[in-house]
Structure formats: C-alpha cells, structure tokens
Amino acid sequence: MYYDDNTVIYLNGEWQRATSAKTGLYQQSFHYGNGVFEGIRSYATDQGTQILRAKAHFERLLYSAKTMHIEINHSVDEMIEFSYQLLAKNNLQDAYIRPLVYTDEKLGLQAESQSNLFLCAWDWSQYFDAGALKLKVSPYCRPDPKSCHVDAKVSGHYVNSILAMKDAHVSGFDDALLLDQKGYVAEASGANIFVQKDGVLYTPPKGNILPGITRTIVMELCVANGIEVVEKLFKPEDVYSAEGAFLTGTAVEIKAIGSVNEKPFSHVWGDTFGAILKQQFHQTVRNQKVNHRKVRAA
C-alpha cells in the first residue's frame, strides 16, 4: 500500500529505493516516541501538482521539533522543494506526503537534538470507508496539556489515538471522540470536529487539540459563506442534540459523522453546512472556481 520496488524516498540528503533504505535501531524516536512528523496532501490541478498549504505544514513541523528540542537543519523552502521532487520521482499527483524527523542513535532520557529527515509519499485516496462515520465517545481522554505539547505533532502522542481507535473498532464504531480531562469534547483520534447546532458551527478551542490546517481552511470557507463559527467548550450531550457534524484533517479531508454513541443527528448530511463545505473544499484544493454564497441553516 505504501511502497513497492519502484518507490523512491528521501533520507538525509539522498534519494533511495524504499525497499533498500536503512536506519539504526537505537533512536529515542523508536524507543520513546521522541520524533515529529506531518501529514500533507497534494492535488492535481489545472496548474499542475500543488501541495496544499505546504508552508503551513512545514512551519508546524519546525514548531513541533522545537518543542521536543530536536534540530532540523533544513528550511521550510528546502523541505517544500524536496516534497515536489519526491512527487515527481514517484509520478504522484494526488498523494499523501509524510515527513518524519527522528533522532540520532542515543538512548536515555536526555533530549537528543540531532535528527534525520525522512520523506515518503503514497496514494491514500480514502482514509475511511465510504459513508458517514459512527463515533464512540472514548474512555481515553486527550493528553493533559500540562504533561506535553498537545499542539505539536509528536510521534509519541499518537499512542493515545491508537488506543482510542482500537477501543472504538472493538465496540463496532468507526472512530473515537476523545474528551479532555474535564469532560469537554476535544477531537477524534486523528482529526478535528465541527458540530452544527441552531444554525451555528461549533468547534473546540485551542488548548486540548492539535489545531489542524484543514480546520483552518474550513473556517476560512465559513467566513466566505457567512457561516458563523464559534470556538467554545461543549460536552458530548451537546453533540447528541446537534443537527449534524463532521471531521476535518489532512488524511480525512472533510468527513461526515452520522452518529455519536449511536445517536443520529436531526438533519440528513446533504442539508448540513458540512456537505456544502466539503464540496467547496475539494474545489478549493484543486484551484477550481468556488461559488461562495451566504448560507442559512435548513
């Protein structure tokens, strides 16, 4: 799925075949999760292949590395150029790009600053199967922001997401909805959430979430369409009584939620803001003309 005998990857200044690339086994990244990464999408457009919000993604990669005391010896522009070369070498246009920064070989718990840069890409057209998602409120909560930098995309943080997703799948759900330590909605296992209620979109504020780049794009589209977005804390009970909801993220793009804890929403997906925003999002990423219009709730 991710690579074959012809796949080319970037590793520390060299272009290599994915099947022959090697690295050591004694990094903090492997043993303790001290690594940082990004998820980035590229799209085929009339102007050629375009990486969506490349600058924002690589700026966040640098921020994440800084929070973990990891040095990246490349600029944002350099990493963007590597990414375009990566796509060209693998004949990819619609693709998912994964930059990973991991440490040099050194064990122990002292922060290891020296790093390695790995870039790969593959065709990941659908993160979830077709259809609206069934979410379960997870027994696992988001990491406490006093315990780590929750706004950084750190490898080790995603152990939390793996546990939440596995619990959801075992229970017959598609994904998990994680709460913060006070019981407020935070985000799904790997995506942000928007909830439509009384003609307004609500989304959890920064503090307990990873502020997604797709989340930002959706909020920009809402402004263009006259859709009110409110960042506020809310409980699962507020979601149960909503008109609709959806997830946003680089991997999931915009994905409809059909129910939370087996409680369906009052509106069908096609009558919600999410359906409009999903259509406009795909037009936006492919540089197509978007007909923004002032939208009223159904």
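## Nonpolar surface patch

Leu107 sits in the loop that runs between strand S6 (95-103) and strand S7 (115-122), in a model that is predicted. With a relative accessible area of 37%, Leu107 is partly exposed, and together with Leu25, Tyr26, Phe30, Tyr32 and Leu109 the residue Leu107 makes a nonpolar surface patch of about 700 Å².

The structure contains one cavity of 30 Å³ or more, and the space in the largest cavity comes to about 50 Å³. Its lining is formed by Arg41, Tyr43, Leu52, His57, Ile213, Thr214, Thr250 and Phe281, which divide into four nonpolar, three polar and one charged residue. At least two residues of this lining come from each of strand S4 (40-45) and helix H5 (213-225).

## Second largest pocket

The second largest pocket holds about 220 Å³ of space, and its lining consists of Ala56, Arg60, Tyr63, Asp151, Lys206, Pro211, Ile213, Arg215, Thr216, Met219 and Glu231. Helix H2 (54-67) and H5 are the elements that contribute two or more residues to this lining, and H5 gives the most, with four residues.

By class, the lining of the second largest pocket has five nonpolar, one polar and five charged residues. Ile213 is listed in the lining of the largest cavity and also in the lining of the second largest pocket.

Definitions and conventions. Residues are numbered from 1 along each chain as its sequence is written. This is a predicted model: local features need pLDDT of at least 70, side-chain atom pairs count only at pLDDT 80 or more; totals for chains, interfaces and linings use all residues. Side-chain values use heavy atoms; hydrogens and water are left out. On a 1 Å grid over the protein atoms alone, a cavity is a set of points where a 1.4 Å probe fits but cannot get out, and a pocket is an open set with protein on both sides within 12 Å along at least five of seven lines; lining residues have an atom within 4 Å of a point. Grid points are joined across faces, edges and corners, and a volume is the space filled by probe spheres set on the points. Ala, Val, Leu, Ile, Met, Phe, Trp, Tyr, Cys and Pro count as nonpolar, Asp, Glu, Lys and Arg as charged, and the others, Gly among them, as polar. Patches are made of residues with over 30% relative accessible area and no salt bridge: like charges are joined within 9 Å, nonpolar side chains (Val, Leu, Ile, Met, Phe, Trp, Tyr) within 5 Å. Accessible areas come from the Shrake-Rupley method with a 1.4 Å probe; for residues, only the protein chains shown count as cover. A salt bridge is a side-chain nitrogen of Lys or Arg within 4 Å of a carboxyl oxygen of Asp or Glu. Buried means under 20% relative accessible area, exposed over 50%, partly exposed in between (1.4 Å probe, protein chains only).
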